[in-house]
Amino acid sequence: MIDVEPRIRAALERLAPPETVEDANWPDALRRAGVRPRRRRGATLALSLAATGLVLLATPLGSAVVRGVGGFSAWLSRQPGSRAPEAVQRELAEADRQSWAAFPERPDVRELIRTKVDGASYTLHGFRSGNAVCLRLTVRGIRGAGPQLACAPVSELRATRDLIVPVKGNVGLGTVGPLPRDPGDPPTTPRAIATFGFAAEEVRAVLLVSDAGARRAVLGGGAFLHVLPGPARGNRVRRAVALAEAGRRQTVPIAVFAARQPTGIPARKARGPARVDRVVAGETIGWFVRREPRGAPFEASRLGRLLPHQTIGPFARVISPDPLDFLRMVVAENDLGARKEVCYYLVTRGGAGGTCAALRELFRRGPLALTWGFSGAGQQFWIASGLASDDVARVTVFLATGERRPAALRDNVVIVRVAAAKLPARLVGYDSAGRVVAVQTVGGR
Amino acid sequence: MSRTVRGDWRLRELEALYRVRFGHFLRVANAIAGDRERARDAVQDGFADAIRSRATFRGDGPLEAWVWRAVVNAARRARQRSRPEAPLQEPATNGRGPEPRSDVSALIALLPERQRLAIFLRYYADLDYRSIAEALDVEVGTVSATLATAHASLRKRLTEVRR
């Protein structure tokens, strides 16, 4: 018997691809209904908060929200908050110039939230560059607390049903006490831990629930920021609760990475096709075998420093599966005499990492050879990346929440960011006829 | 609670639904109307209908399903205005031009309208059976039977194609 459901889904994907919210125009719908658009009032928030039955703890966060804007649509139109000062624009441009994974477009940095907590100043900036939306937290007054950058795919903000999208959770800032020097020395605790992310337009408050209780985050410019000063050892923010108009309330878990597995997220089973429709054999990467100059050349003088301990062979290319994203992959030959390997290294703004394998071994378990991980502490978006054989025409990510996201695929390179809170994810490869040829699950079963 | 206040609350709910689910509404409308511009108009008109008659929503079922009914009806009207006799057509894809039609796509287009609508609402909008029933104004059992019939029909035709 034929299992038609996967084929229906595949056919429908082609029939009408997912739509974006960029064409949304609520005032136009109101006009068609004969209703004059009006400004919102604050009363809804008070009613919404009361309806939740939650006791809000007083917060020391004295916020100076720059400007309230319209949710994710403001991010999609690149206009959240207000334009950051020129000094900030130049600082990020300089950091970008020195980065191994530069943004595809020079970002117009926006200032979203500025606040003070426990004597330290926090500023949250944000920007969109191509298909990535990023938040950057800078801290003054805590020694050793460097800028914290985290990005999410634009597709997530377009498609998600969530009210908030955390991008960094429980980032330790500074340290209390001396750093441990010997094995018996007590570990340090951070001076503060920060959690931040994007917030939709209809969100009126965000509560962060840690082991010590609930505290209200600063909300502004389509983002939220929560700082927990002086946390006790082991204290972590576990979840965020978004409160919106009309009494809507949503809880989003904050994932903590432990022992190479996401923790703190609901135990869920992976969704999407679990079996292949067609078994393929003898997979390969044609352009690599033929040494076609795909993508961009590998600049040994620059990227070579990023991979000092790797043997990059004479043939190496840099592939950007999504030209509008800064994530890219070095695909290189590792010449070990008679045994030739293909190496693939994911390049992020924080560094590079990857692995090597003989081509015949690479696809031994199927035409998708993916690894997953993250770059930087507290990241709430983890990256699945790797190589697909020539048999794979497209890759779709099935999230544990039932949502689906497309994965960037070009020249056999696959890179996709996945919200940790929505793991496990099933990455499904389809051939050109829409048949499932590869299934790989990451972050669980 | 006065009618005015209740109406304002409903309007806010409708706006939240519009902003969160616009992409899904547009996708289903596109599949029904067969044209992205007409689909966008249908979504706007469907929501305008819902806004105008929001005071009549009794809350017997989910608000979203009630709005789906308005949008589906608007999309069907849009299709009928453009091609009164035509079956559902494969729509253009995001302005990038139509893609090659697969076997399954062609078979879906051959299904009776109710089956196609149920499939669109099930797979594009991720609606449960109860919401699909509300949207199509049928019983829940009818949705179950309709989807089962559509699956069986597709399975049979795919088997025939294989031979």
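Asn170(A) sits in strand 7 of chain A. Helices here are DSSP runs of H or I with at least four residues, strands are runs of E with at least two, and both are numbered from the N terminus. This is a predicted model, in which local features need pLDDT of at least 70, side-chain atom pairs count only at pLDDT 80 or more, and totals for chains, interfaces and linings use all residues. Residues are numbered from 1 along each chain as its sequence is written, chains are lettered from A and ligands numbered from 1 in the order in which they are written, and side-chain values use heavy atoms, with hydrogens and water left out.

Asn170(A) is not a glycine, yet has a positive phi of about 60°. Its relative accessibility is 12%, so Asn170(A) counts as buried. Buried means under 20% relative accessible area, exposed means over 50%, and partly exposed lies in between (1.4 Å probe, protein chains only).

Two strands pair if DSSP finds at least two bridges between them. Seven bridges join strand 7 to strand 8 (residues 192–199) of chain A. Gly172(A) stands opposite Ile193(A) of strand 8.

Asn412(A) is in the loop between strand 25 (404–410) and strand 26. At 10% relative accessibility, Asn412(A) is buried. The loop between strand 26 (413–419) and strand 27 (425–430) holds Pro424(A). The peptide bond from Leu423(A) to Pro424(A) is cis, with omega near 0°.

Turn to chain B. Chain B has seven helices and zero strands. Of its 163 residues, 53% count as buried.

A nonpolar core is a set of buried Ala, Val, Leu, Ile, Met, Phe, Trp, Tyr and Cys residues joined through side-chain atoms within 4.5 Å. In the largest core, of 60 residues, Phe47(B) and Val67(B) touch the most other members. Helix 1 (residues 3–33) of chain B gives this core its largest share, 11 residues. Contact means heavy atoms within 4.5 Å. Leaving aside neighbours within four places in sequence, the contacts of Phe47(B) include Trp26(A), Ala29(A), Leu14(B) and Val67(B).

Next comes helix 5 (residues 113–123) of chain B. Eight of its 11 residues are buried, so helix 5 is largely enclosed by the rest of the structure. Among the buried ones are Phe120(B) and Tyr123(B).

Helix 5 meets helix 6 of chain B, their axes coming within 10 Å and crossing at roughly 135°. Axes are lines fitted to C-alpha atoms, for helices over the stretch in contact, and angles run from 0 to 180 degrees between N-to-C directions. The two helices are therefore oblique. Angles under 35 degrees count as roughly parallel, over 145 as roughly antiparallel, 65 to 115 as roughly perpendicular and the rest as oblique. Residues in the contact include Leu121(B) of helix 5 and Ala135(B) of helix 6.

Ala135(B) lies in helix 6 (residues 129–136) of chain B. Ala135(B) is buried, with a relative accessible area of 3%. Not counting residues up to four places away in sequence, Ala135(B) touches Ala65(B), Trp68(B), Arg69(B) and Leu121(B).
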